[in-house]
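These are my notebook entries on one structure. I record what I looked up, entry by entry.

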Amino acid sequence: MAKRINPLMLQRIVKAQLWSLTGFTIGILFFIIFFISIKGLPQITLEFLTSNPVDMGRSGGIFSTIVCTLYLIFVSLMIAMPLGVGAAIYLTEYTRESRLTHIIRFGTECLAGIPSIIMGLFGFAFFVMALGLGWSILSGGMTMSIMLLPTIIRTTEESIKAVPYELREVSFSLGVTRWQTVTKVVLPSALPGIVTGIVLGIARCIEETAVIIFTVGSSLRLPESFFDSGRTMAVHFYILAREGISMPNAYGTAAILILSILFINLSAYYLARQFLKKIC
Amino acid sequence: MAAKIVVKDLSFSYNHQRVLSAVNLMVEADSILGIMGPAKSGKTTLLRIFNRLCDLIPHVRIEGEVFLDGENILRPGLNVDRLRKRVGMVFDKPVPLPRSIFENLAYGPRLHGIKDKKRLEELVERSLRLAQLWDEVKDRLNESAMKLSGGQQQRLCIARTLAMEPEVILLDEPTYGLDPISTLKIEQTLQSLKESYTIVLVSNNTWQVARTTDNVAFLLMGELIEYGSTHEIFTVPKDKRTDDYISGRFG
């Protein structure tokens, strides 16, 4: 039998291994960001950001795709946020654990497991065709909101559950109603978690392609209303790269994509931290 | 003296387990009733029936009646929020809301419709003075209540209850885990409050009950063993079990 390794030595080896695994993961992230930045950042000029694509994106900028992405985020969140946060409040504060809540939870989890291409097909068949909304930001926003619901419900639920039960008892013991307790005590304390869910939702809207092609379309025109078709940055990037239209412009778009996700993440966490500092 | 709360044949079970069986007692107005007894004797449950906080527990069964000024507070359809405004509660663990000191106190009154800033300020100052906390916090009302010490937090909780201008105050081991000086301050506060409030104090500390209360109820395994004036119970207890408990032979 092999000689037993000294526990202290083993501890060092394990620590080194775990550290290198973590380092490797972070390394991949930095490599991707670095790679995209090297290729993409030189493309980014003020003109690139503020002018519309010309000649299918071979030249010109990406302004209309930025606008389309923002519209899509807005519509998706306007639908998914009230529904998701409302459902989470219902599940945590207004019902006791029962067969019904298990079914609801199971349902939302299944919803999260549906591949996005299937969701795209559903959005196309239902919103675009059956409801006759056509390829539009509205169709896409509604389809996206269905995809965001599980994440928003889950993160909101978790953060509401993390609020100490004693705070509710105190509030009730002061003769404050359940709804007032939810809005004045529970939700403010749960806000960072809710924000996390919403940030994940925004990132999802930015990065999604399959659903968008099916429901929003890929028109390069600047969308003027929610009923217009459009092309989000991710779809633009996909088409530019896939059809070999312009690799430099594709990388430029990719760089903007990554930077905006980074920016949204950082600012959301900053805001949540500031808020927490204020109330605690 | 007039009875503020009358408990008649009150039984309470939770998941088919008896917690209280056929309790009868009375809380006199403007006095302190102490409830003592070993762990699991149903003290906290009894307290939480008085403000219907027991509603939060699933699968309970309550029998009997509890009257507050002659009105049965266990009847279905009672406005629980209004009841809880009249019957305030202080918990064993101080739980400040994650807000400033001022906002902790203004929280309840504001949600019950007091919007006037001047009126709120008066209410906050009066309540903090009553809870003997005013001098320590008057210059930092806008600071977070989480920064106060444990004893201060508990007095803040008492003040927060007082700001609701209740008629009855329920205290569930309010000095649990506090140092002797904080405990003394809270006991002094209770003494000064009983002139205008009816107080029910649950305590594991037998000497605290002897020091601060006017009447005592001794609970054991959900049964009321003895009820009477503090003086009587601590000098000539009628039941042997009471005698054993206060002299520390069990519990």
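**Entry 1: the sheet.** In what order do the 4 strands of the open sheet in chain B stand, and is the pairing parallel or antiparallel? I found the order E2-E1-E4-E5 in chain B, with antiparallel pairing. Before going further, I note that this is a predicted model, in which local features need pLDDT of at least 70 and side-chain atom pairs count only at pLDDT 80 or more, while totals for chains, interfaces and linings use all residues. Residues are numbered from 1 along each chain as its sequence is written, chains are lettered from A in the order in which they are written, and side-chain values use heavy atoms, with hydrogens and water left out.

For my terms, strands (E, at least two residues) and helices (H or I, at least four) are DSSP runs numbered from the N terminus. Two strands pair if DSSP finds at least two bridges between them. The edge strands are E2 (17-28) and E5 (71-72) of chain B, each of which pairs on one side only. I then looked up strand E4 (residues 60-68) of chain B, which pairs with E5(B) in the antiparallel sense over 2 bridges. Leu68(B) stands opposite Glu71(B) in E5(B). Helix H1 (residues 43-50) of chain B packs on the sheet and touches strands E1 (3-14), E2 and E4 of chain B; contact means heavy atoms within 4.5 Å. The direction of H1(B) makes about 120° with that of E1(B); the axes are lines fitted to C-alpha atoms, for helices over the stretch in contact, and angles run from 0 to 180 degrees between N-to-C directions.

Entry 2: A salt bridge here is a side-chain nitrogen of Lys or Arg within 4 Å of a carboxyl oxygen of Asp or Glu. By this rule I list 31 salt bridges over all chains.

Asp69(B) and Arg86(B) meet in one of them, at 3.1 Å from N to O. Asp69(B) lies in the loop between E4 and E5 of chain B and Arg86(B) in helix H2 (residues 80-86) of chain B, so the pair ties together parts 17 residues apart in sequence. Arg86(B) also forms a salt bridge with Glu71(B), the closest N and O atoms being 3.9 Å apart. That pair links H2 to strand E5 of chain B, 15 residues apart. A network of salt bridges links Lys4(B), Asp69(B), Glu71(B), Arg75(B), Arg86(B) and Glu167(B).

Are these side chains buried or exposed? I use buried for under 20% relative accessible area, exposed for over 50% and partly exposed in between (1.4 Å probe, protein chains only). Asp69(B) is partly exposed at 43%, Glu71(B) is partly exposed at 30%, and Arg86(B) is partly exposed at 23%.

**Entry 3: the cores.** A nonpolar core is a set of buried Ala, Val, Leu, Ile, Met, Phe, Trp, Tyr and Cys residues joined through side-chain atoms within 4.5 Å. Of the 91 residues in the largest one, Leu10(B), Phe50(B) and Val66(B) touch the most other members. Helix H8 (residues 178-207) of chain A gives the most to this core, with 11 residues. A second, separate core has 31 residues, including Val137(B) and Tyr197(B).

**Entry 4: Leu193(B).** Leu193(B) is found in helix H7 (residues 180-193) of chain B. It counts as buried, because its relative accessibility is 1%. Leaving out residues up to four places away in sequence, Leu193(B) touches Leu130(B), Ile158(B), Leu162(B), Ile169(B) and Ile199(B).
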